[in-house]
Amino acid sequence: MKKIVLAGGCFWGVEEYISRINGVIDTEVGYANGRRKNPTYEQVCTGTTGHSEAVKVEYDQNSLSLYSLLKKFFSIIDPTIENRQGPDRGTQYRTGIYYINENDKDTILKVVQEEQKKYDKKIVTEIEPLNSFFEAEEYHQDYLKKNPNGYCHIDLS
């Protein structure tokens, strides 16, 4: 099993979309690469902690490649917009790929290079090693499964 952390705006929709991909074993929403230990949702929303809303993804590399996972991820985000996805605005809604294994960096860069050809504007998605990840509050975990009529900027149909 491998893990990677993906940020694509509000983590509710990203988690629900990613959890439906064959080969994904588990997802967990949380706060990635910020400056504060164990931040709360309210603190992250102030924009002062430096965290992004993100999804830790555990997947079976024998049935889902990182390349395929990232291609699917890019299909639900606009990687050229800084600090916003859909109507959600703020630094916590930036897009990012936070890798745990340094060996994944080449694949990430390859996918970004391929995706860049689709856009006139530069891709601004962060590509960084995962420095920190703090699990979000329980009510955020699997939010759209618990609240199927909840808001989501991603088309999950």
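Buried here means under 20% relative accessible area, exposed means over 50%, and partly exposed is in between (1.4 Å probe, protein chains only). The views below come from a predicted model, in which local features need pLDDT of at least 70, side-chain atom pairs count only at pLDDT 80 or more, and totals for chains, interfaces and linings use all residues. Residues are numbered from 1 along each chain as its sequence is written, and side-chain values use heavy atoms, with hydrogens and water left out.

**View 1. Helix 1 is largely enclosed by the rest of the structure.** Eight of the nine residues of this helix are buried, so the rest of the structure largely encloses it. Helices (H or I, at least four residues) and strands (E, at least two) are DSSP runs, numbered from the N terminus. The buried residues of helix 1 are Phe11, Trp12, Gly13, Val14, Glu15, Glu16, Tyr17 and Ile18. Among the elements that cover them are strand 1, strand 2, helix 2 (41-45), strand 3, helix 3 and helix 5; contact here means heavy atoms within 4.5 Å.

**View 2. Trp12 and Tyr143 form a stacked aromatic pair.** The structure holds three aromatic pairs. Rings of Phe, Tyr and Trp (its six-membered ring) pair if their centres lie within 6.5 Å; planes under 30 degrees apart count as stacked, over 60 as edge-to-face and the rest as tilted. For Trp12 and Tyr143, the distance is 3.6 Å centre to centre, with 10° between the planes. Trp12 belongs to helix 1 (residues 11-19) and Tyr143 to helix 5 (residues 143-146), so this pair ties together parts that are 131 residues apart in sequence. Both Trp12 and Tyr143 are buried. Another of the pairs joins Phe73 and Phe74: their ring centres are 5.8 Å apart and their planes are at 70°, so this pair is edge-to-face. Phe73 and Phe74 are buried too.

**View 3. His140 is buried in a loop.** You will find His140 between strand 8 (133-135) and helix 5. Its relative accessibility is 1%. Not counting residues up to four places away in sequence, His140 touches Phe11, Trp12, Glu15, Val29, Tyr31 and Tyr41. Asp142 lies in the loop between strand 8 and helix 5. Its phi is near 50°, a positive value in a residue other than glycine. Asp142 is partly exposed, with a relative accessible area of 31%. Most residues other than glycine have a negative phi.

**View 4. Helix 4 has buried residues along one face.** This helix (residues 105-116) has twelve residues and reaches 16 Å from its first C-alpha to its last, close to the 16 Å expected at 1.5 Å a residue; the expected span is 1.5 Å times one less than the number of residues. Which residues of helix 4 are buried? They are Ile108, Val111, Val112 and Glu115. Seen down the axis of helix 4, the buried residues fall within an arc of 100°, so they line one face of the helix; the arc is that of the directions from the helix axis to the C-beta atoms. Asp106 and Gln113, on the other side of helix 4, are exposed. The cover over its buried residues includes strand 1 (2-8), helix 3 (66-74), strand 6 (95-99) and strand 7 (126-129).

**View 5. Strand 1 pairs with strand 3 and strand 6.** Two strands pair if DSSP finds at least two bridges between them. Strand 1 and strand 3 (residues 52-59) are antiparallel and share five bridges, with Val5 opposite Lys56 in strand 3. Strand 1 and strand 6 also run antiparallel, joined by five bridges; Gly8 has Thr95 of strand 6 as its bridge partner. Six of the seven residues of strand 1 are buried.

**View 6. The largest nonpolar core has 35 residues.** A nonpolar core is a set of buried Ala, Val, Leu, Ile, Met, Phe, Trp, Tyr and Cys residues joined through side-chain atoms within 4.5 Å. Within the largest core, Ile4, Ile18, Val57 and Leu69 have the most contacts. At least two residues of this core come from each of strand 1, helix 1, strand 2, strand 3, helix 3, strand 6, helix 4 and helix 5. Apart from it lies another core, of six residues, among them Ala7, Ala32, Ala54 and Phe133.
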